[in-house]
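Please consult the sequence and the structure shown below while reading.

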Amino acid sequence: MVKYLIKKHCEATERCTIASDRNQDYYYGNIGGFLSRDFLPSEEKIRAFGYDSRADVEERLEAMKQHIPMESSGYWDITVEIIEVEV
């Protein structure tokens with residue numbers, strides 16, 4: 001079975017002096033907050049909270065992209081992408 005997640009990759013910029021050289025990955029499913037940080041969520045979480053269709057996850061991805069400028073404030077370089085996971 002294929003499920004879809006959103007991976008948000010955050011890299012600290014030079015302006016972010018308290019977290020210099022820090023990289024973090026967050027994985028999002030169809031619930032409000034993130035499912036895990038820095039590692040893929042467990043297979044159980046992916047089955048329960050992963051998106052079933054690419055169309056649904058693309059809608060959430062676009063909403064997340066719109067919030068990146070406000071969220072980063074120049075302290076983080078943030079990218080988001082859809083990942084496909086076989087469970």
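Lys8 counts as buried, with a relative accessibility of 6%; buried means under 20% relative accessible area, exposed over 50%, and partly exposed in between (1.4 Å probe, protein chains only). The model is predicted, so local features need pLDDT of at least 70 and side-chain atom pairs count only at pLDDT 80 or more, while totals for chains, interfaces and linings use all residues. Residues are numbered from 1 along each chain as its sequence is written, and side-chain values use heavy atoms, with hydrogens and water left out.

**Lys8 and its partners**

Lys8 is placed in strand 1; strands (E, at least two residues) and helices (H or I, at least four) are DSSP runs numbered from the N terminus. The side chain of Lys8 forms a salt bridge with that of Glu71, at 2.5 Å from N to O. Because Lys8 belongs to strand 1 (residues 2–12) and Glu71 to helix 2 (residues 54–72), this pair ties together parts that are 63 residues apart in sequence. A salt bridge here is a side-chain nitrogen of Lys or Arg within 4 Å of a carboxyl oxygen of Asp or Glu. Whereas Lys8 is buried, Glu71 is partly exposed at 40% relative accessibility.

The Lys8 and Glu71 side chains are also joined by a polar contact of 2.5 Å. A further polar contact, of 3.3 Å, links the side chain of Lys8 to that of Tyr28. The term denotes a pair of N or O atoms within 3.5 Å; within protein, one must be able to donate a hydrogen and the other to accept it, and residues adjacent in sequence count only if both atoms are side-chain atoms.

When neighbours within four places in sequence are left aside, Lys8 is in contact (heavy atoms within 4.5 Å) with several residues, among them Gln24, Asp25, Tyr26, Met64, Ile78, Thr79 and Val80.

**Salt bridges in the model**

By the stated rule, the count is six salt bridges. The table lists three of them, including the pair described above.

| Salt bridge | N to O distance |
|---|---|
| Lys8 and Glu71 | 2.5 Å |
| Arg37 and Asp38 | 3.7 Å |
| Glu43 and Arg47 | 2.8 Å |

In the second pair, Arg37 is partly exposed with a relative accessible area of 40%, and Asp38 is partly exposed at 33%.

Glu43 and Arg47 are four residues apart in helix 1 (residues 43–49), and are therefore separated by about one helical turn. Glu43 is partly exposed at 42% relative accessibility, as is Arg47 at 38%.
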